[in-house]
Amino acid sequence: MTVQQPGEQSPRLRPLDIRYFADGRESYLVLRDPLGLSPSELVLPAWAGPILGLMDGSRDLTRIQAAYQLLTGRPLSYQQLAGLVARLEEELLLDGPRFRRACEEALRAYRAAPHRPPALAGKVYPERAEELTAALDSYVRQAGLSLAEADEGIVGVISPHIDYGRGWRAYAHAWSAAAAAARRAELVIALGTDHAGGRGRLTLTRQSYATPLGVLPTDQQAVEELARALGEEWAFAEELHHRNEHSLELALVWLHYVRQGEPCAVLPVLCGSLAHFLEGDYGPESDQRLEAALAVLRSLTRERRSLVVAAADLAHVGPAFGDSVPFDLAGRASLRRADGRLLTAIEAGDADAFLHPVREEGDRWRICGLSPIYLTLRLLQGARGRLLAYEQCPADPQGGSLVSVAAVVLASSTAAC
């Protein structure tokens, strides 16, 4: 390997899913590419964490080396650092020409396919239709539920996007309650967390989403209307995120299941971060693109019988997500109280009240479903929510890291909830 000379590169780490794990005396980081361009997860020793934090494109290797030693007091040779950068580059985890070429090739292949294939079939859920139906039937039965016939004026549902193995109970509650509304829907507006999305970004796709039960057709007219409001280039700039993002996929599989494999028109929208609105005087309502998009979405719900789906988890806490200590019983109780404030606002259908505690506490709980839930409440203004299930799911082998999820249905203000 040729050792890079000072000043030749200022590496910029791409947005990645980075988890911390401890195994006995050893601790390490697991780097996963949300876009799925990197062929595998990369495992690094935990001491490399500060190096990754310094890779923001503003420092060459010499400066990263000096800053790391100043921050940690640990020695770091130039050869070690150059080797790490080379490995990150090889795995397509750095922003740069090689990564951009890979993106272009992947996007061409994605758009040329007849539909978006299910990325998690055979991994998170069975890939055969019969086995999938049996598995979801089992979740519903284990939760003591059935697929209800009365929809009680339901116009929205908040569904988890955690894997089914941990979140099955919340999924079962959400979709059994929303089943009748899902069957009657002429259009499903699906808003999902984009874990790699840009600030305030709403990302569209013209591709239809496939599940093991068939294909859910994307409503092309709705896509075009929303693209005009957002701006064509802006709306599709991060379209590749649809290829591997799990949030919408995991909710749409349940939608297809409760419809017993019957297709319906879907408008799939990935929602980027609203973190930039959590500080300062300006809220999301100051974003003209978001407001224009909400106006289009409200128009669509008036024109057709619609169901709005927010594919959204709540908090992500503990060492796996960057907290210094595991969450014990007291920590779990504190998390439940914090989530309770959010759920109270959701039940009231109050988007501002939902956002307020997150702004107040600086998103210390890492609410990854913030965007789709907030936008759902704005879109369904006046709808009242009903909490059906709440879970704190383990996110590391020790159980000290947690992901909280909830199942909520929202009914129009003219219906009892």
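## How helix 11 begins

Let's start where helix 11 starts: a side-chain oxygen of D287 comes to within 3.0 Å of the backbone nitrogen of R289. Keep in mind that this is a predicted model, so every distance here is computed from predicted positions.

From there, helix 11 runs over residues 288–303, which makes 16 residues. From its first C-alpha to its last it reaches 23 Å, close to the 22 Å expected at 1.5 Å a residue.

Which residues of helix 11 are buried? They are L290, A293, L294, V296, L297, R298 and L300. Notice that an arginine, R298, is on that list.

Among the strands involved are strand 5 (187–193), strand 6 (202–203), strand 9 (265–271) and strand 10 (306–311). Helices take part too, including helix 7 (220–230) and helix 14 (370–379).

## Rings that pair up

Now for the aromatics. Searching the whole structure turns up 9 aromatic pairs. One of them is Y139 with W168, a stacked pair with 5.8 Å from centre to centre and 20 degrees between the planes. Y139 belongs to helix 5 (residues 129–142) and W168 to helix 6 (residues 164–184), so their pairing ties together parts that are 29 residues apart in sequence. Buried or exposed? Both Y139 and W168 are buried.

Ring pairs join Y125, Y139, Y164, W168, Y171, W254 and Y257 into a cluster.

## Arginines over tryptophans

Two tryptophans have an arginine over the ring face. R201 sits over the face of W234, 4.5 Å from the ring centre. R364 does likewise with W365, at 4.2 Å from the ring centre.

How many disulfides does the structure hold? The count is 0. A disulfide is a covalent bond between the sulfur atoms of two cysteines.

Take C368: its closest cysteine sulfur is in C271, and at 11 Å that is too far for a bond. C368 counts as buried, because its relative accessibility is 18% and the cut-off is under 20%.

Key: Residues are numbered from 1 along each chain as its sequence is written. This is a predicted model: local features need pLDDT of at least 70, side-chain atom pairs count only at pLDDT 80 or more; totals for chains, interfaces and linings use all residues. Side-chain values use heavy atoms; hydrogens and water are left out. Helices (H or I, at least four residues) and strands (E, at least two) are DSSP runs, numbered from the N terminus. The expected span of a helix is 1.5 Å times one less than its number of residues. Buried means under 20% relative accessible area, exposed over 50%, partly exposed in between (1.4 Å probe, protein chains only). Contact means heavy atoms within 4.5 Å. A polar contact is a pair of N or O atoms within 3.5 Å; within protein, one must be able to donate a hydrogen and the other to accept it, and residues adjacent in sequence count only if both atoms are side-chain atoms. Rings of Phe, Tyr and Trp (its six-membered ring) pair if their centres lie within 6.5 Å; planes under 30 degrees apart count as stacked, over 60 as edge-to-face and the rest as tilted. A charge sits over a ring if NZ of Lys or CZ of Arg is within 6 Å of the ring centre and within 35 degrees of the ring normal. A disulfide is a pair of cysteine sulfur atoms within 2.5 Å.
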